[in-house]
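Subject: Structure handover

Dear colleague,

I am passing on the structure below, together with notes on what turned up in it. Please read the notes with the coordinates open.

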Amino acid sequence: MTTRPVFLLGGAQSDFSRNWAREGLGIFELLRDTTLAGFESAKVEPHEVEVIHIGNFVGELFAHQGLLAGMMGHVHPDLEGRPASRHEAACASGSMALLAASAEIEAGRYGLAAVVGIELMRNVPGDVAAHNLGCAAWTGREAEDATYVWPALFSRLAEVYDERYGLDEAHLSEISKINFDNATRNPLAQARRWTFTEESFARDDATNPIVEGRMRRSDCGQITDGAAVLFLASEAVAKAHAARIGVPLEALPRIKGWGHTTAPLLFEAKLARPSDGHLFPWVRKAITDAYARAQLAGPQDLDAIELHDCFSITEYMAIEHFGLTPPGEAWRAIESGVIRADGSLPINPSGGLIGLGHPVGATGVRMAL
């Protein structure tokens, strides 16, 4: 099916190392400052925006704040009255905001959309943050005995993978090393100034403590304050914008393809579906759908991958689901150096969720930006 093209005009990301509550600031200031920085960076004027989509997971729990769409009129008076909506899909919240905005442009409803992803998470103690994030699991039905829900569930993924294919945890450590190293070159990364030794990645309880099960401190994505904004445009709007800033239309990136699947909520149900060897068949389908829509043969047509490494085992699993290796052989891409910044197909050159940070509702928007 032929659809109208959707162009990306640019945007901005906040500094993921900032602790906004410690500065006496809150979720509105994070939303306002990042959005205004996006206007300046992309050379878009507020009055040009026709529709707004916001990705946010748990504003009510961390900041006791819902209805974030209503805040946009306070960001700039030209945004008052614009249709705005918030999207919640746990770690995919920002991606769903992006997908909804692109669909409206494809449908011809609007010509210019602002997509904002945001999460304020460092204003509470770490155990409270972990508890809040646990609401994306099925409360009362899974991980009930875990102190930290998501590390426990992804430890379960590591166990299942090990049972099926075998798992050398040194490869998980290498994934984390690569992401933290990439983060040192990203001026907006949460971990860019952190220092590590080899012992920081050892499977050692003293230097790299266990969080839950097989997930250690180095295996985990970060608790992060952050926001990202991205402007999507129709071809007509993109042409006018390109002319105004003095570049050809071809210089503007566009969305070539997408995939969207939703697996059953229970973690064990995700693993139970018959597949061709991939642990998460709905993840595999989302990726292959995106390849097909973009008319890409597979990973050999890519220059880099930004993927959701909420834990090191997530990236390990995703290496196979993207098709870099057959199921059970992700270790080959790690040992060969393919995924390193200087490899043939770098993964998460930004630092990813482990090194750059993971403000949940912002992550999908940040990855597209």
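Glu-104 is buried, with a relative accessible area of 13%, where buried means under 20% relative accessible area, exposed over 50% and partly exposed in between, using a 1.4 Å probe and protein chains only. The model is a predicted one, in which local features need pLDDT of at least 70 and side-chain atom pairs count only at pLDDT 80 or more, while totals for chains, interfaces and linings use all residues. Residues are numbered from 1 along each chain as its sequence is written, and side-chain values use heavy atoms, with hydrogens and water left out.

The side chain of Glu-104 meets that of Arg-109 in a salt bridge at 3.2 Å, N to O, a salt bridge being a side-chain nitrogen of Lys or Arg within 4 Å of a carboxyl oxygen of Asp or Glu. In total the structure holds 20 salt bridges.

Another of them links Arg-214 and Asp-162, whose closest N and O atoms are 2.9 Å apart. Because Arg-214 lies in the loop between β5 (210-212) and β6 (215-216) and Asp-162 in helix α6 (residues 149-165), this pair ties together parts that are 52 residues apart in sequence; helices (H or I, at least four residues) and strands (E, at least two) are DSSP runs, numbered from the N terminus. Asp-162 counts as partly exposed, at 27% relative accessibility.

Lys-177 and Glu-198 form a further salt bridge, with closest N and O atoms 2.8 Å apart. Lys-177 lies in helix α7 (residues 169-183) and Glu-198 in the loop between α7 and β5, so the pair ties together parts that are 21 residues apart in sequence. Salt bridges that share partners also join Asp-162, Glu-169, Arg-203, Arg-214 and Asp-219 into one network.

Turning to the sheet, five strands form an open arrangement with mixed pairing in the order β1-β7-β4-β2-β3, two strands being paired if DSSP finds at least two bridges between them. β1 and β3 (84-87) stand at the edges with a single partner strand each, so one side of each has no neighbour in the sheet. β1 pairs with strand β7 (residues 226-233) in the antiparallel sense over six bridges, and Phe-231 in β7 is the bridge partner of Gly-10. Strand β2 (residues 51-55) and β3 pair in the parallel sense over four bridges.

Best regards
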